[in-house]
Amino acid sequence: MTTRERILGWAFILCALALAPLFITSNRWIDFLELTLFIAVLGQGWNVLGGYGGQYSFGHAVFFGTGAYIQALLQYKLGWSPWLTLWFAISGTAAVAAMIGYLSFRYGLRGSYFALITLAFAEAFHVVSRSWSSFTEGGQGVQLTLNQDPALALATFQFSFGGPFMKAYGFYYTIFAILLISYAATWWMEHSRFGAQLVAVRENEDAAEALGVNAFAVKMRAICLSAAITASGGVYYVQKFLFIEPGIAYGTAKSVEALFAPIIGGLGTVLGPLIGSFFIHGVGEVAKEAIHGIFGDRPGVDLILFGIILVLILAFAPRGLVGLLERVWIRLKARRDA
Amino acid sequence: MEFLGLDLPSYGWETVLGSAISGVFLGSIYALVALGLTLIYGVLHIINFAHGALLMLAMYAVFFLWKFLGLDPYLAMIIVVPGAYVFGYGLQRGIIGKASHGRDEIILLVTLGVSIVIENAALFFFSASERSVLVPYDLDGIDLGVTYAVYPELIALGGSLLITFALWLFMSLTDTGKAIRAVAKERQGARLVGINVDHIFAVTFGIGTACVAAAASLLVPTYAVHPQIGYLFVLIAFTVVVLGGMGSFIGALVGGFLIGVTEQLGRLYLGESMGVITISVIFILVLLFRPTGLFGQRSG
Amino acid sequence: MKNKIKNTTRRSFIQGATAGTALAAAGISGFPHVVRAADPVKVGVIHPVTGWAQYSGSQCRFGALAAIEEVNASGGIKSLGGAAVDAMLGDAQSKAEVGAGEVEKMADAGVSAIVGAYASNICLATTQAAAKHGIPHAVDVGVSDKIVSRGLTNTFRFGPGFGAITKAGVEGFLAVNKAAGNPTKTVAIVNEETTGFGAGIAGIMTKGLAPAGIEVVEVLSHPTPNKDFRNIALKLKEIDPDVLIPSHYYNEGVLFLRTLQRQKVQPKAIYSVLGGASSQYRFVSEFPDAAQYVMDCNHWFDPKNAGALALQKKTNAAGLHYNYEVFLAYTAMMFTLDAIERAGSADRTAITEAMTASTWGGHIMPYGATKMENGQNTGARPLVMQVQGSDIGVINPSEYATAEAIFPRPA
């Protein structure tokens, strides 16, 4: 695909997402889109480190949770404005990432070992957030005060009780804006020198070093960018649900969601996490409806179907959906040009 | 009492010793679960995320044999262990191996996908209620003075030692065992001398599954079975494998005991909730400073 | 031959499942389909039926659906011309954001009210999402007091919050202790601290017991889930309190009581407050020895109420245990359907008003007449039970008692 084709493709996708509320008035589908975009953001965060950088993290929840907790605690304990706290949430999480990255990369952890240490850190943060009650409110979690005054909706970054437009689409555009910024950052990174170095490190770290790339510095930048993007997802979550607790913040669910989307969608591509997220949620919804028709409401069946589809995708489309789509696009073009 | 600037509670020596002993019993459980995992990692180089789900399935099998046939959980091993071997062999040969195209990161995800399917299938067929087994000798045991050791715990401890020994014998003395070790050390070389690597992978996965089935048998008298029980042990099993050294049975045993004792003492002094941080801390320290673990092979 | 059997079984299974789905969708099951004059009223039922809370979620769902079946079988919502009640089921997958998503689906589908969602953290999300659309939401279990302290006018909790439960727990214990001649001097609390209800209980208990000269010697907290209680058992042996007060979930409750038994820890009594296993029939049937004489201040039905006993029969007939999830969800749904009946309308605002003003007393719980204050039913209260033999009797308060307390435990 030429760059022109890519840009047009992106323009189309972004316009479609931006204008979606004009065509979709159903709450349920706006909510579906929000959740999909949310996972797409978490997935992109993972993708920067894992897809582009080749460092697979199995504990990415540590960045989501830390971003969420900083966002929540600064509001809860110090009464700061959410528009201020979000900067601290993102930069604070990047600092945590720097610490984790420093330890991991300085000691040369790669592959499975890196995956395991991220898992260990996520679990450690989970235990601390659960036990250090005086700081994090422990198991009860942090509950932010709900604002029901429409005039203050924007100031308090809470749209559920705003005017009719805000109520319906406020959070949708929040996550869309976050998606826009984080995907633009990823696009920029992909086309920059930093991006090229990162990919070189992914392909063969030793060879890259031999060519003069400072692999340690490159990986550090990658993990910080990755964490910042993932933390912004945490900010959205806290503002939307006004509640965070150790299980939600640092549990394995978010870690798993963050890595599924880019792997299914296509590692090391900007579009991958978005497509992957749509696919996962779309399949989830379809599975639920299909299962409902046959098995009634016995729990678990839709997830069985989901797991099977996952394994099939991994078996037959290992380069992800983006890879599939590209092959199809090339075939179509060849047919047209022939 | 003061330690590293922390104000820690004081206990009588009986309590501390009792805690350490309970750590040994707990550690034997960890070792049992970790044995299969370390074998699979050592040979196939994959972190088997389906391990917890397989443990859960085996526990259900033991439970149903007890419920419908009145079979004692330990005797159930005779049926469950070979059955698990067949299941594991088929899983690796038929699904995981085929879907992974040999790429490590894909294998991880495939095992993750498999674990989702198994866990929710268990939910669908068995429902979410916890199932408990009560053996008639549940409360009989040995009075150690500082603490009481019931037979199910002692049997689990003995079981962990026996199974480790049996695995070691198998790997050292049998032809299949030697083939497995060959494949673990040098995959391509093994292929060149005519070893059917795919078959060996499947055999290894089968044995790993059989190990976890034995662990299930030993766990059922104490722990209730439900579709989520795997999660309780699997994360710690990973830590044990890394601490002990990937691929080392003696490492899994020693690692299990070390972690069990450290965890119990950590929970005693730091609180039951915070104390489990000792596991994460050990995990991180080992990964940073000695990633090959206590008994692992140094690569390269 | 084998194929024929398989085909027949498969065919009849699908037939059965389709028929079952159709009947369930019609809000009735096992009863003949009666033609209704009016449009059915839709009520959303959200629970975590997959994920970590799947057992409790499924039990709650059963209770809620049992209530709907009962109302439909006796003529539906009479003030709406006998309209049937349609349940719209949602699975929160044990995740707060998924629960909220289910609320959005239900809002679109035009539900008049929602009942759910078992776990406190899921309830916080679902009630908030429902508030956005002005949908009245009856909380069935979630005991966190945060649920009713956010100023949401659409949120109603029919059962007691943990503050009320603990207060009743203290009163109940003092009464039982007094009746036995005040033998208790020292107490140890063993609570879970992962979902937070444990921590609050310790504070209230310590304050409440002090005036009677009872000292809370130690608070031993543990996480949920927890796979080992050995340390706690050892500490208890060292402390040797007169009475133990545990507070945790079912799995931990079972493991704790079994560990005490194995380690021969024998206090004068075990009096739990929201003890996960202590007043559970399945625990009593599976581990009768460990369960003997354990007392529990917990959610319970009115033991002298015919409707409560009928629901118990029905639950057992379905092969399920009759535990608090079932009767609390059943009652929350009945409260909701009663409000719809009173409102005479399927309109969300009308139902919300009816709930706020409700004085409903026709329920199976020991709550007396309903009185909603800021979304909390102030009449709601727990009871104190004790396992005696293979039965669970109510020992406090006296107007609901079915048995005498056995305290301290016989040697």
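A polar contact is a pair of N or O atoms within 3.5 Å; within protein, one of them must be able to donate a hydrogen and the other to accept it. By that rule, 24 residue pairs are in polar contact across the interface of chain C and chain B, both residues of each pair being at pLDDT 80 or more. The model described here is predicted.

**The interface of chain C and chain B**

- On the side of chain C, 31 residues are in contact with 41 residues of chain B.
- The size of an interface is often given as the accessible area lost when the parts come together.
- For chain C and chain B the buried area is about 3,200 Å², and 48% of it lies on carbon and sulfur atoms.
- Three residues, C:K227, C:R230 and C:R262, supply 25% of the area that chain C buries against chain B, which is more than any other three residues supply.

**Charged pairs and the make-up of the chain C side**

- Five salt bridges are found across the interface of chain C and chain B.
- In a salt bridge, the side chain of C:K227 meets that of B:E263, with 3.1 Å from N to O.
- The elements of chain C that give two or more residues to the side touching chain B are α2 (54–73), β7 (215–222), α7 (230–239), α8 and α9 (281–286).
- Sorted by class, the side of chain C that touches chain B has 10 nonpolar, 10 polar and 11 charged residues.

**Cis peptide bonds in chain C**

- Most residues other than glycine have a negative phi, and most peptide bonds are trans.
- The peptide bond from C:G116 to C:A117 is cis, with omega near -5 degrees.
- C:A117 belongs to the loop between β3 (113–116) and α4 (120–132) of chain C.
- The bond from C:N396 to C:P397 is also cis, with omega near -5 degrees, and C:P397 lies in the segment after β14 (391–396) of chain C.

**Residues with positive phi**

- A:F157, a residue other than glycine, has a positive phi, near 55 degrees.
- This residue, A:F157, is placed in the loop between β1 (142–143) and α7 (164–190) of chain A.
- Because its relative accessible area is 6%, under the 20% cut-off, A:F157 counts as buried.
- C:K264 likewise has a positive phi, near 55 degrees, and is found in the loop between α8 (250–262) and β9 (269–273) of chain C.
- C:K264 counts as partly exposed, because its relative accessibility of 35% falls between the cut-offs of 20% and 50%.

Conventions
Residues numbered from 1 in each chain as written. Chains lettered and ligands numbered in written order. Predicted model: local features only at pLDDT ≥ 70, side-chain atom pairs only at ≥ 80, totals over all residues. Heavy atoms only, no water. Helix = DSSP H or I, 4+ residues; strand = E, 2+ residues; numbered from the N terminus. Buried < 20%, exposed > 50% of the residue type's maximum accessible area, 1.4 Å probe, protein only. Contact = heavy atoms within 4.5 Å. Buried area = accessible area lost by both parts, 1.4 Å probe. Salt bridge = Lys/Arg side-chain N within 4 Å of Asp/Glu carboxyl O. Polar contact = N/O pair within 3.5 Å; in protein donor to acceptor, adjacent residues only side chain to side chain. Nonpolar A, V, L, I, M, F, W, Y, C, P; charged D, E, K, R; others polar.
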